[in-house]
Amino acid sequence: INQAQLQKLTTAYQAVIKKDDKLTIVVTGPDKTVVVPYNLTLSDNSNGGGSYNPEQTTLGYLVDAYGDIQFPILGKIHVEGMTRNQLAEYLTEEIGKDVKDPIVYVSFRNYKITVLGEVRNPGTYTMESEKVNILQAISRAGDLNLTAEREGIILLREENGRIKHYEVDLKSSHLLDSPYFFLQQNDMLYVKAKDTKFDSAVENRL
């Protein structure tokens with residue numbers, strides 16, 4: 001794999017927000033007091049007071065079945081299909097109408113990838129970044145066993161409420177060009193053993 005090309009692809013790739021995603025959104029700025037209403041904080045749960053601290057903003061926003069979130073002050077926002085940066089830019093612009101120089105941080109809370117089958121440590125992993133490619137996910141699971149089939153990795157991905165299957169050939173010279181090289185949140189990889197067939201029962205894990 002050409003490392004320069006991989007670096008270029010990784011830099012360019014951005015995951016999009018999907019239904020059922022959980023997001024952390026923190027709004028800050030030069031005047032911390034004026035951004036308090038735009039943040040969910042621990043005090044919101046207890047109905048108590050206290051000053052705003054961005055480090056305490058632990059509550060998340062769940063993207064509902066319509067692709068929306070309910071955001072303080074601004075109300076319902078359709079976020080499905082946006083990248084983190086696009087949502088941050090949108091919120092910065094909207095909040096900036098009332099607050100001087102707001103700074104908005106958006107991150108995924110539930111970016112998880114499941115790797116099953118012929119890997120050393122099968123399981124579900126929370127990823128530190130949304131720029132995760134199939135090789136990194138397999139490495140996170142301890143790499144492939146010697147018995148693993150490298151030419152028919154099964155990717156299971158939920159699209160429009162249905163589970164779709166895709167095959168990825170790790171030995172292909174066109175791997176970097178595959179639309180499935182970068183993984184999306186809640187994707188599942190199933191690594192088959194050599195000379196065995198994919199067991200559709202693993203769909204129940206997605």
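How much space lies in the largest pocket?

Guide: About 380 Å³ of space lies in the largest pocket (an open set of points on a 1 Å grid over the protein atoms alone, with protein on both sides within 12 Å along at least five of seven lines; the volume is the space filled by probe spheres set on the points). The model is predicted, so local features need pLDDT of at least 70 and side-chain atom pairs pLDDT 80 or more, while totals for chains, interfaces and linings use all residues. Residues are numbered from 1 along each chain as its sequence is written, and side-chain values use heavy atoms, with hydrogens and water left out.

The lining of this pocket consists of 16 residues (those with an atom within 4 Å of a point). Nearest the pocket centre lie Lys 18, Lys 19, Glu 158, Glu 159 and Asn 160. Sorted by class, the lining has 7 charged, 6 polar and 3 nonpolar residues (Asp, Glu, Lys and Arg are charged; Ala, Val, Leu, Ile, Met, Phe, Trp, Tyr, Cys and Pro are nonpolar; the others, Gly among them, are polar).

Now the packing. The largest nonpolar core has 48 residues (buried Ala, Val, Leu, Ile, Met, Phe, Trp, Tyr and Cys joined through side-chain atoms within 4.5 Å; buried is under 20% relative accessible area, exposed over 50%, partly exposed in between, with a 1.4 Å probe and protein chains only). Ile 25, Phe 71, Leu 87, Ile 134 and Leu 189 have the most contacts inside this core. A second, separate core has 5 residues, including Leu 116, Ile 154, Met 188 and Tyr 190.

The search for aromatic pairs finds 4 in the whole structure (ring centres of Phe, Tyr and Trp, by its six-membered ring, within 6.5 Å; planes under 30 degrees apart are stacked, over 60 edge-to-face, the rest tilted). Tyr 61 and Phe 71 are a stacked pair, because their centres are 5.4 Å apart and their planes at 20 degrees. Tyr 61 lies in strand 2 (residues 61-62) and Phe 71 in strand 3 (residues 68-71), so the pair ties together parts 10 residues apart in sequence. Both Tyr 61 and Phe 71 are buried. Phe 181 and Phe 182 are edge-to-face, at 5.2 Å between centres and 80 degrees between planes; Phe 181 and Phe 182 are also buried.

Note on methods:
Helices (H or I, at least four residues) and strands (E, at least two) are DSSP runs, numbered from the N terminus. On a 1 Å grid over the protein atoms alone, a cavity is a set of points where a 1.4 Å probe fits but cannot get out, and a pocket is an open set with protein on both sides within 12 Å along at least five of seven lines; lining residues have an atom within 4 Å of a point.
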